[in-house]
Amino acid sequence: MAPSFDWWTKESHRGTPVVVKMENPNWSMVEIDSPSEDEFLSGRGNHGRDKGRGKNAKQLTWVLLLKAHKAAGCLTSIASAMFGLVAIIRRRVNSGRTDSETENENQTVKSRFYSCIKLFLWLSVILLGFEMVAYFKGWHLGAPHLQLQYLLSTPLMFRGVFDWLYSRWVLVRVDYLAPPLQFLANFCIVLFLIQSVDRLILCLGCFWIRLKKIKPVPKQAVQDLESINGNAEGFFPMVLVQIPMCNEKEVYQQSIAAVCMLDWPRSNILIQVLDDSDDPTTQLLIKEEVHKWQQEGAHIVYRHRVIRDGYKAGNLKSAMNCSYVKDYEFVAIFDADFQPTPDFLKKTIPHFKDNEELALVQARWSFVNKDENLLTRLQNINLCFHFEVEQQVNGIFINFFGFNGTAGVWRRKALEESGGWLERTTVEDMDIAVRAHLHGWKFVFLNDVECQCELPESYEAYRKQQHRWHSGPMQLFRLCLPDIIRSKISVWKKANLIFLFFLLRKLILPFYSFTLFCIILPMTMFVPEAELPSWVVCYIPATMSLLNILPSPKSFPFIVPYLLFENTMSVTKFNAMISGLFQLGSAYEWVVTKKSGRSSEGDLISLVEKEPKHQRGVSVPNLDDMEETQQQEERVTRKKKHNRIYRKELALAFLLLTASARSLLSAQGIHFYFLLFQGISFLLVGLDLIGEQVE
């Protein structure tokens, strides 16, 4: 029986095999068998176990060594990654330029705003340390009523110095800090709900438009215009096309070429290139481009102002003072980075036919670089909602919306009756739209007519653009309020202008977004007696972000970054709103948005197809273009790129991260995650880690 028993134990599988695989190719794979349960229970097989005891001990030593090596490798990788991250941040901080070094804003105003944020930051750091000590001493940080119960139940003689101090702090919070903070929080919540209802109504209006397939239809169809060849004067009115630009050498060729290819009788169109560039090289390049198109038969002129006052509004106003402008009935405006399709005028001008009350036809923007980086994707979400929901709904139901400054056609008579272009604000497009609306003119928005343009690819350019877009409306509101009240339009239109167009969408939105989520929410972590419900922090913002992203469904994976980034931009929008409302120095700042000169593939194909018609096969201009392009690329490669360090965003990042640590002590899950990710978002933006770096 013994031999058979030995044979059975020899062939049977003893235990579970353990496989250890090393990353080092010089070591082989080792298999270790643990003793079977039968051997331990019966006591048999001791001689085999004794025989292999030395071997198993050696293998176990190898396993322990391999595990130790693996743990050491993980720790080394984590440590190297942390050191690398710290080194990257240090290099960015050392080589970066702060926003105070790169901007021309009123430094007194900026320093005050920054000082207020720093005050909140240092206060939160001190309170966090105070609360951590209280936490380890047994205070219940998550429940204010338990704190008071502990405070009242503990005799004074048994309290230490710290307990006495913390009990005084709790009473101060309850009696003096919590009531005003809760009142401000409730006030912002009410504003938040009102703005959310407005956003929901706009979305329902857009859904109704899609359901009923409502769209502006010209009284004279395009195909009827093309079928009539006898009377070109009646159906192809005189159109003046204006291209204002300023030091935009990256995009001038694209915009001039696209406008010169508009399908319209050349005798009935005049193109004005309104160059406000102060760079002599850029002026020469634009002038040569205009001369080249003049030789090819385009009706185009070049204008350069000697006295460059009033920015874009002053440029347009100067161009409208030309004597020959009176011969043109309509004025189309395109910024330097816009590329209209050849049939743009044929899709917009017919809406003016037999509609004498119509002043403006606005087309939608589309973007050639919307997928360039995360920043452009997030901008695309915002602007898709703006055009498809806000502009379209307002255009269909009330025939009024803010002119977008470009990709639109104006009736010259409406411009003149409304007072023309004024240089009093940095939003001359909104200014002329409001004044035209007060004079009874109507607007039409065409959601199916698109004009391609560029989005800012760097956070620096986007930030300056948003500052101008949010300070200008507050300037305009101060100036237009008396005119709105005295105007002869209906009470409903006055209420829409004052409460919806200006106050709710231009003032209240940036106010509550910054105050509620960047100031009040962190403070409620240190004053837990004032509370923000979870639905305010999470559910309502998520729902609003979902509504915003519906017009661009392909951007749905970016819904969380979009929500965080919108709250991050609230500091810039709030600062701009305050500057415009109180007429501070930075409210009058105008910075031309940096362009990269990107073209879509469709534009390049259409350009090639149009070249034979305009006889652009001359070799010399093409060689010059290639040489100029090579020189520009060489200059770009030689330029050193700098990242910006944004102090306000960084201060708010540390404020939110400090508040998230405090919420972790009180086990507030939703608040903790929101503050943590929002703080990280502010940190990334503050270190200029989103978008392209600027030159």
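1. Start with a helix pair. In this predicted model, α18 passes α19 in a left-handed crossing. Helix α18 covers residues 459–486, and helix α19 covers residues 491–526. Their axes lie 11 Å apart, and the packing angle is about 165°. Angles over 145 degrees count as roughly antiparallel, so α18 is roughly antiparallel to α19.

2. Now look at the contact residues of this pair. From α18 come P473, M474, L476, F477, L481, I484 and I485. They meet K494, L497, I498, F502, L503, K506 and L507 in α19.

3. Next, the nonpolar cores. The largest one has 89 residues. Within this core, I256, L345 and W410 touch the most other members.

4. As background, nonpolar side chains in soluble globular proteins tend to be buried together.

5. Finally, check S124. This residue sits in helix α6, which spans residues 107–136. Is S124 buried or exposed? The relative accessible area of S124 is 0%, and buried means under 20%, so S124 is buried. Which residues does S124 touch, leaving aside those up to four places away in sequence? The contacts are F526, L655 and T658.

Notes. Residues numbered from 1 in each chain as written. Predicted model: local features only at pLDDT ≥ 70, side-chain atom pairs only at ≥ 80, totals over all residues. Heavy atoms only, no water. Core = buried A, V, L, I, M, F, W, Y, C linked by side-chain atoms within 4.5 Å. Buried < 20%, exposed > 50% of the residue type's maximum accessible area, 1.4 Å probe, protein only. Axes fitted to C-alpha atoms, helices over the stretch in contact; angles between N-to-C directions. Helix = DSSP H or I, 4+ residues; strand = E, 2+ residues; numbered from the N terminus. Parallel < 35°, antiparallel > 145°, perpendicular 65-115°, else oblique. Left-handed = near helix turned anticlockwise from the far one by under 90°. Contact = heavy atoms within 4.5 Å.
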